[in-house]
Amino acid sequence: MAKMKSLVCRECGKEYPTKAIHVCEMCFGPLEVKYNYEEIKANISRKKIEEGPRSMWRYADLLPVEGQATVGPHAGLTPMVRAKNLGAYLGLDELYIKNDTVNHPTLSFKDRVVAVALTRARELGYETVACASTGNLANSVAAHAAAAGMRSYVFIPADLEAAKVLGNLIYKPNVVEVEGNYDDVNRLCSEIAGEHQWAFVNINIRPYYAEGSKTLAFEMVEQLGWRAPDHVVAPMASGSLLTKIWKGLNEMKKLGLINAVPTKVNGAQAEGCSPIATAYKQGRDFFKPVKPKTIAKSLAIGNPADGYYALKATGESGGAMDAVSDDDVVEGIKLLAQTEGIFAETAGGVTIGVLQKLVKQGAIKRQDVTVAYITGHGLKTQEAVIDAVGRPTRIQPSLVSFQNTFKMGKNGGGDA
Ligand SMILES: *Cc1c(COP(=O)(O)O)cnc(C)c1O
């Protein structure tokens, strides 16, 4: 028997073969991968995982591919940083940063999901891959497709950050800039997907793609010494990542890799696009779509495909959700950089801002083991902080100029 059993509708439970489909034809519910956990359990152990590849593929037993990782073999297994300085600042004894700013090859968590999606797309016989993206997904699809020798089309909104546009063009995919926001791009792509035999990673391949996010939970648990933390804080765009962290934690328990999941799963959004966090705060289990307006463009999805399931995951875990202003996003980026030396993109500022809020509210307590997911690199969103970091101190090329500027005597001492 294979480890993948079927695709199953998350609403009505109808099962389908593991092909490139994502919607139930009975009730239009989204499909997800169903595994043969009995078989996986007989095959998996902490030891086997620890001896596996130095990448997220050490968790291949729990990923929806049949063979080897043919695309993205180096993705994942990013550092788990014990954030002592930031923890002390916030009043947390045991805070960690899961640092996906250094993911391979495109410096965001999307390298995980794309490695899975493109490996599966190949298994299903596709030669052309495509995606609708808020930026990072396009970068990762373009890079992985280039390395895999696959044709690619990436669709992005026209107002994307310069580094994310360049971070597509350099790999020479077909970059399609759509005059509209992400939700417009995604709607268009759904139509295109109906007409062309392409693997759209976030449409017809979505059930496989989404599973890649589970590796953020798996690695975290292993890196904490095989224990699940008390809290995680994760940014939300479509809400998929948060949903899959919860699924991944519960799979580890089901397979006996950990005994308990005490983890509260907390969600973070920017106020300018917070349909999921707003629903949580108003006590609703459904969200109202919004028109995004925030500097956190990677999270700017006004009609989030997994919003409902993210609310469910946070609810089941006993976690919370919140949102922060764009000013707080910038402050969050600076705080993380200046305490831990990690330069995150705007999504990271959202996560740190909400983490800070949850600590202040008492939802996260001093002794709680807490992990913040930092999902993308700051050099990709320079526009967001360029006016908030000051300028270098300019001097003449002489010792006197340097010492006068920094008010030092001839024998050293003192900062400016
Ligand atoms: C895509 C993305 C997310 C969240 O994605 P989901 O759609 O919620 O799975 C978080 N951070 C960054 C940097 C991203 O690019």
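I take a polar contact to be a pair of N or O atoms within 3.5 Å; within protein, one of them must be able to donate a hydrogen and the other to accept it, and residues adjacent in sequence count only if both atoms are side-chain atoms. What I looked up is a predicted model, in which local features need pLDDT of at least 70 and side-chain atom pairs count only at pLDDT 80 or more, while totals for chains, interfaces and linings use all residues. Residues are numbered from 1 along each chain as its sequence is written, and side-chain values use heavy atoms, with hydrogens and water left out.

**Entry 1: the ligand**

How many residues surround the ligand? I noted 15, the closest being Lys110, Asn136, Ser238, Leu241 and Thr375, where being near requires a heavy atom of the residue within 4 Å of the molecule. By class this shell has 7 nonpolar, 6 polar and 2 charged residues; Ala, Val, Leu, Ile, Met, Phe, Trp, Tyr, Cys and Pro count as nonpolar, Asp, Glu, Lys and Arg as charged, and the others, Gly among them, as polar.

**Entry 2: helix 9 and what follows**

I then turned to helix 9, residues 214-223, where 9 of the 10 residues are buried. Helices (H or I, at least four residues) and strands (E, at least two) are DSSP runs, numbered from the N terminus, and buried means under 20% relative accessible area, exposed over 50%, and partly exposed in between, with a 1.4 Å probe and protein chains only. Among the buried residues of this helix I listed Lys214, Phe218, Glu219 and Glu222.

After helix 9 comes Gly225, whose phi is positive, near 80°. Trp226, in the loop between helix 9 and strand 10 (231-235), has a positive phi near 60° although it is a residue other than glycine. Is Trp226 buried or exposed? I recorded it as buried, because its relative accessibility is 10%.

In the loop between strand 5 (95-99) and helix 4 (110-123) I found Pro105, and the peptide bond from His104 to Pro105 is cis, with omega near 5°. Leu107 is found in the loop between strand 5 and helix 4 as well, and has a positive phi of about 65° although it is not a glycine. I kept in mind that most residues other than glycine have a negative phi, and that most peptide bonds are trans. Leu107 counts as partly exposed because its relative accessible area is 33%.

**Entry 3: two buried loop residues**

Asn202 lies in the loop between strand 9 (199-200) and helix 8 (206-211), and its relative accessible area of 7% is why I call it buried. A polar contact of 3.2 Å joins its side chain to that of Tyr182.

Gly319 has its place in the loop between helix 12 (307-317) and strand 12 (321-324), and counts as buried because its relative accessibility is 8%. Which distance separates Gly319 from Val265 in space? I noted 4.8 Å, C-alpha to C-alpha, for two residues that are 54 apart in sequence.
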